[in-house]
Amino acid sequence: MWAGCASIMGWFLFIQTAPGAAGGRPCNAKNFGHDSLVCECSATYCDTLDPVVVPALGTYAKYESSKAGKRLERSEGRFQSNSTAPDLLLKLDTAQRYQKVKGFGGALTDSAAMNIMALSPGAQTNLLKSYFSEEGIEYNLVRIPMASCDFSVRLYTYDDSEGDFELRNFSLTEEDTKLKIPILQHAQAVARTPLSLYASPWTSPTWLKTNGAMTGRGTLKGKPGDKYHKTWANYFIRFLDEYAKHNLTFWAVTAGNEPTAGEIVFYPFQCLGFSPEHQRDFIAQDLGPALANSSHKGIQLIMLDDQRVMLPYWAEVVLNDPVAASFINGIGIHWYLDFLAPIDLTLSITHHLFPSYYLLSTEASTGSYFWEPRVVLGGWDRGSKYSHSILMNLNYYVTGWTDWNLALDLEGGPNWSKNYVDSPVIVDSSKDLFYKQPMFYHMGHFSKFIPEGSQRVRLVISKKCYKCNLEYAAFLCPDGAAVLVVLNRYPTDVPFGISDPGVGYIEAVAPADSIQTYLWRR
């Protein structure tokens, strides 16, 4: 294939001199005719990053991605002793601290697992390293559906034997044992730190449901405290037990994916309906005690796992009950109806009402609205939507952000209901390739540089300009380093300054349609 040693040497020099993280392999850029590029990966080549190294005191590192083509490109600079009075100044106030960060990640659905496993072993490894390793973007959260969801190729639960209240026929399926479990083990093997896994069920077995079907309007038969509810709670424990046999332990479970979906007549995907009162009583009488009395000590329980428009009402109903509240750790939110729900009237109020319960974004995807194209290879704006949402959420007390499918095919599936969407990684198994979308790199601007335990700090904004509309959030890492993420969603460059008292001043520019992460010692 190669025309002798000269070509090999030329390729070696290209890798050494191409822009990007020093020593990291550059993006193999491909343009599919949309507004930006993707990075193509195979079994033999994939772009990489170096492990994060905070530069010496008085200097800073900047990582930049842009619509124009940069992908987490690292550069370094020195702090100045005084500012030039820019029109926009971002000043750290580390005395004012807010929520601690849990992390960032995505969901390993059946569909995502099928796409990953459709690649050759070398390409699979490159994909998982891209997400989970130090040479990638270092995800630490993974959401796992308990049995099937819309991103499966069939409808099933773990016990479809009518009337099996003792769950004697409960068993994992091939989707778990041959797909999801091996991938989770592989992901953990390439990750530097333990992954935080959390599980969400979409539906119970149909024999526990009022409508006898996995889709459509229906909830659990009976009432909290009875055999239907006890069996459903024990189903969670059996799932955790079975995964533990494969050396996979869970950080958390949610009480159920989108409980309001099961209140909708003819709802087209798997669902299980709960009102807030029903969820409160199920947690207080069944699920909470089942988890507390299980061998899975310390596992966390997340309520809601649905649109933030339900807040603060759901939180008030559930968490004002002291028994239910004693079993709950956090509140999960999805992004699909954010346009109906001002963030200050939902998340901010909820946080101030219930400050000891964390907020976690548990699902988001682009291409999900019926008027949108499903997969857009190289769509920069979809990455910007992710970063905009993450920054808004982080600035309103959310502790982490979980994408939906880790990998989908060129159609945005597979999906039994043809409910296709986009993903940060798109797999073309016919060519043994995968494409890392702009969304992937946007996620990396957070997941790689804001480790678990980082704490958001105040930014004091001095603004003398009308059209310098940047978005930003600042953090202190556990090691004491400062991190600042800056997003420019506009088509013009925006000059600005960064001030960290006691360290110095950075004269900066946010290029048109770009995202930057700044990192420095204090």
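A residue is called buried here when its relative accessible area is under 20%, exposed when that area is over 50% and partly exposed in between, with a 1.4 Å probe and protein chains only. By that rule C46 is buried, at a relative accessible area of 2%, and C41 is buried as well, at 1%. The model is a predicted one, in which local features need pLDDT of at least 70 and side-chain atom pairs count only at pLDDT 80 or more, while totals for chains, interfaces and linings use all residues. Residues are numbered from 1 along each chain as its sequence is written, and side-chain values use heavy atoms, with hydrogens and water left out.

C41 and C46 are joined by a disulfide with an S to S distance of 2.1 Å, a disulfide being a pair of cysteine sulfur atoms within 2.5 Å. This link of C41 and C46 is right-handed, with 65 degrees about the S-S bond. The count by this rule comes to three disulfides. Another of them joins C27 to C39, S to S 2.1 Å, and is left-handed at -110 degrees. C27 lies in the loop between α1 (4-17) and β1, whereas C39 belongs to strand β2, so the pair ties together parts that are twelve residues apart in sequence; helices (H or I, at least four residues) and strands (E, at least two) are DSSP runs, numbered from the N terminus. C27 is partly exposed at 22% relative accessibility, but C39 is buried at 0%.

Strand β2 also takes part in an open sheet of five strands, ordered β1-β2-β16-β15-β14 with mixed pairing, where two strands pair if DSSP finds at least two bridges between them. β1 (29-30) and β14 (408-409) stand at the edges with a single partner strand each, so one side of each has no neighbour in the sheet. Two bridges join β1 to the antiparallel β2 (residues 38-41), and A29 stands opposite C39.

The largest nonpolar core has 131 residues, of which L127, F132 and F239 touch the most other members; such a core is a set of buried Ala, Val, Leu, Ile, Met, Phe, Trp, Tyr and Cys residues joined through side-chain atoms within 4.5 Å. Helix α5 (residues 227-244) gives the most to this core, with nine residues. Apart from this core lies another, of 24 residues, including C465, A474, V494 and Y518. C465 is joined by a disulfide to C468, S to S 1.6 Å, and both cysteines are buried.
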